[in-house]
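Reader: Could you take me through a structure slowly, giving the general idea behind each feature and then the case at hand?

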Amino acid sequence: MASTSNSITNSADSPTRGASKFHCPRCGALAQQEWEDFVIDKGAATVFARDDSSTRSTGLGSRPNTWTMSTCFACKRGTVWRGAQIMFPQANPFPMGHSAMPSNAAELYEEARSVAVVSRRAGAALGRAALESLLGEVRPQFTGRLDDRIAALQPEVSLGLWQILSVLRHTGNKALHGSDISDGLVTVVMDDDGSTLGLLLGAINDLVEELVARPAQAVELFALLPEGGLPTPSARPVCLRWSLQRSVWTRSPRPSRQRRPRRKVEMGAEGVSAG
C-alpha cells in the first residue's frame, strides 16, 4: 500500500480547470469530475445561479472567467473555481492523512492539516493530539505520558522517524501551552513557509505506514505463499542488535556458547591424575 504523505499539489493529476479527472481537493481521490458554470444573479436567494446556457462537462463554457464548480464522482462534493483559481476549499499544502489511519486519529489529523493553513501553532498542537490518539490505538500496551510512549516505540521504527515524532511531541506541547517564546526549535516550525510542519505531520503518515499498512500487507502476501514455499523456522533464539550503519534495530541469531573441553581424568597406581 502506498503512503499518502505527499501533497496532491505536486502531482501530475493536480486540480486543473476544465480537466476531466484529477485529485479531488475535497477527498484526495483521483476521480472523474463533472463541471457546470455559475453566473452572479443578484435576484437569486443564493446570489449564484447555474448558467444553463454554458457547456457542462468541460468547465470552460463560453466565458473562461466565470464562476465554475467541479463535482467529484468519488465523494460527490463540489470545488468552486473562479477562472483557473480554486476559491473553495482553500488550498492546503499539508499532506493528506494515510488511508489506513484509525478513525479517531484520522479525524484529529484532518483537523490539524485544515487549521494549519491559518495557524501553525494550532496545527502543531492538533498534530500532537493525533499522534497520541494513534499510539493509543495501535500500541495500547504503551502507557504513561506521550514521551514515554514514543521512547517505547524506538525499537520498532527507523531512527529518523523516531526523531521527527519526538520533535512533533515537543513542538505540540510548547504550542499548546504557549511556552514557545524562547524555543528555537518551535520558532523554526512556526516561522517558515509551512514545510517543516508538513514534515512533522507527514511523519504521522509514515508511522501509520510502518505500524499498520505495511504489516497488514505483509500478512496478506505471506498468506499467498504455497505450503512448500514457507521458510523453516529457526530453533535458535533471536536477539536485537543496533545497526549504526542503517540506524535501525536488526534481528540476528544469538551466538551459540562454546563449551569448554572436559578435563581427562586417569586412574593410576599412584592415585588420580588429571590430563
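Predicted model: local features only at pLDDT ≥ 70, side-chain atom pairs only at ≥ 80, totals over all residues.

Reader: Which peptide bond is cis?

Author: The bond from Phe 88 to Pro 89 is cis, its omega being near 0°, and Pro 89 itself sits in the loop between strand S6 (85-88) and H1.

Reader: How many helices and strands does the protein have, and what share of its residues is buried?

Author: The protein has six helices and ten strands, and of its 275 residues, 32% are buried.

Reader: How should I read the burial pattern of a helix, and which residues of H5 are buried?

Author: The idea is to look down the helix axis and ask where the buried residues point. In helix H5 (residues 184-191) the buried residues are Val 186, Val 189 and Met 190. Viewed along the axis of H5, these buried residues fall within an arc of 95°, so they line one face of the helix. Their cover includes helix H2 (120-138), helix H4 (159-177) and helix H6 (195-222).

Reader: At what angle do the axes of H4 and H5 cross?

Author: The two axes come within 10 Å and cross at roughly 85°, which means that H4 is roughly perpendicular to H5. On the H4 side the contact is made by Val 167, His 170, Thr 171, Lys 174 and Ala 175, and on the H5 side by Leu 185, Val 186, Val 189 and Met 190.

Reader: Which residues of H3 are buried?

Author: Leu 146, Arg 149, Ile 150 and Leu 153 are the buried residues of H3. Seen down the axis of H3, they fall within an arc of 100°, so here too the buried residues line one face of the helix. The cover over them includes H2, H4 and H6.

Reader: Is Arg 145 buried or exposed, and what does its side chain contact?

Author: Arg 145, in the loop between H2 and helix H3 (146-153), counts as exposed at 56% relative accessibility. Its side chain makes a polar contact with the side chain of Asp 147 at 3.1 Å. Arg 145 and Glu 132 are 13 residues apart in sequence, and their C-alpha atoms are 9.2 Å apart in space.

Reader: Where does the side chain of Asn 205 reach?

Author: Asn 205 belongs to helix H6 and is buried, its relative accessible area being 0%. The side chain of Asn 205 reaches the backbone oxygen of Met 96 at 2.8 Å.

Reader: How far apart are Glu 110 and Gly 97 in sequence and in space?

Author: They are 13 residues apart in sequence and 6.7 Å apart in space, C-alpha to C-alpha. Glu 110 is found in helix H1 (residues 103-115) and is partly exposed, with a relative accessible area of 34%.

Technical notes: Residues numbered from 1 in each chain as written. Heavy atoms only, no water. Helix = DSSP H or I, 4+ residues; strand = E, 2+ residues; numbered from the N terminus. Buried < 20%, exposed > 50% of the residue type's maximum accessible area, 1.4 Å probe, protein only. Arc of directions from axis to C-beta. Contact = heavy atoms within 4.5 Å. Polar contact = N/O pair within 3.5 Å; in protein donor to acceptor, adjacent residues only side chain to side chain. Axes fitted to C-alpha atoms, helices over the stretch in contact; angles between N-to-C directions. Parallel < 35°, antiparallel > 145°, perpendicular 65-115°, else oblique.
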